[in-house]
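Hi everyone, thanks for making time.

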Amino acid sequence: MHTSFKETNRGKIMLSIIKHSNLLKTVINIGTLLTLIVAISVSISFGTTDIPVKTVWQAIFSYDAEVTSHQVVQQLRLPRAVSAALIGAFLSVSGALMQGMTRNPLASPSIMGVTDGAAFALVIMLAFFPTVSNFGLTIASFIGAGLAVALIFTIGSFSAGGLTPIKLALAGVAIATMLRSISSIFSLHFQLEKEMGFWLAGGLSGTNWKSVQILLISGIIGLTIALFLAKSITVLSLGEDMATNLGQNNLLIKVLGIISILVLTGGAVSVAGAIGFVGLIVPHITRFIMGTDYKWIIPSSALFGALLLVLSDVVSRLINAPFETPVGAITSIIGVPFFLYLARTSGGGNK
């Protein structure tokens, strides 16, 4: 009886800790969401001409077509800020899924060549089908991202010793470099430097409400699949053998995960180009704060990623004002040291 009483108390204590932990995580997510709203307001207010935050809110909730600042907010700055938040969320969730499925701490859409594969497909479309619609470019980016993933995993699988995190990352970097080089050759030959400079550097200056529509469609599909897979990715991240022993269909989970990654990354690249390292940095920060349960990692990564890219976009406009620095350059400045640190500490084996 005494032992049973102690075990009951211990169970109650553990349950209380879990409840408090979940409450803390919820508070963190709510705080991040509120910070994101403030960051979006600040992002909208900064530009060639600064607009007071009060005017920004008036333009959103009490729009007056006769007021020039309201037109600027509604037609230019608001869709840009919303696009930045969605793209940051998409790339972060894609990185979290890739790291969970492959157990590779170096996996991300940019490191694994997914973004460069999508950008390569865009070059081909612009070179040979210059009148292609935005929808056609979006579909092409999905296909390009898929081909890059297939090529990287094929090369990595044939390497001696199997598919380790470092080999997968090296294959991704090699394929990404090759695709980016070919993209540059095509853009020079077909005089697409101006068009492709935007996509290869990664930027948000060309976003509009049509961009937001593309992103929303991608998000509904990709994020729904990602959230559906959250529990399964948690199990898979513990090891394929353990997941199989628990009766999980790992092949189906990976196929659905790849579809989610391609939809989210393809949509992001078709709108903003190859913005790197967001999908590498954010999932690691999220796991450090939220733990290893992907039911928390996926939505939290979306919030943290959205906040990171919105703030990066603000910095990109302020760092060399009145000129605009590509937001991809800002995320790379943050991401390269982070990648080198992870490459040094992850080792060559499976993580």
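Let's start with a word I'll need: contact means heavy atoms within 4.5 Å. Now, this is a predicted model, so I used local features only at pLDDT of at least 70 and side-chain atom pairs only at pLDDT 80 or more, while totals for chains, interfaces and linings use all residues. Residues are numbered from 1 along each chain as its sequence is written, and side-chain values use heavy atoms, leaving out hydrogens and water.

How confident is the predictor? pLDDT is its confidence in each residue, from 0 to 100. The chain's mean is 83, with 88% of residues at 70 or more. Confidence is highest in helix H12 (residues 294-318), at 94, and lowest in helix H7 (residues 193-201), at a mean of 69. By the way, helices here are DSSP runs of H or I, at least four residues, numbered from the N terminus.

Okay, the inside. A nonpolar core is a set of buried Ala, Val, Leu, Ile, Met, Phe, Trp, Tyr and Cys residues joined through side-chain atoms within 4.5 Å. Buried means under 20% relative accessible area, exposed over 50%, and partly exposed in between, with a 1.4 Å probe and protein chains only. Which residues touch the most other members of the largest core? Ile 87 and Ile 275, out of 79 residues. Helix H3 (residues 68-102) gives the most to this core, 15 residues. Leaving aside neighbours within four places in sequence, Ile 87 is in contact with residues including Leu 204, Ala 268, Ile 275 and Leu 309.

Next, the charged pairs. Side chains of opposite charge can pair when their charged atoms come close. I call it a salt bridge when a side-chain nitrogen of Lys or Arg is within 4 Å of a carboxyl oxygen of Asp or Glu. How many does the structure hold? Four.

Look at Arg 80: its salt bridge with Asp 313 has the closest N and O atoms 2.7 Å apart. That pair links helix H3 to helix H12, 233 residues apart, and both partners are buried. Arg 80 also pairs with Glu 324, again at 2.7 Å. Glu 324 sits in the loop between H12 and helix H13 (327-346), so this pair ties together parts 244 residues apart in sequence. Glu 324 counts as partly exposed because its relative accessibility is 37%.

Elsewhere, Asp 116 and Arg 180 meet in a salt bridge (2.9 Å, N to O). Thanks, that's my tour!

Methods: pLDDT = per-residue confidence, 0-100. Helix = DSSP H or I, 4+ residues; strand = E, 2+ residues; numbered from the N terminus.
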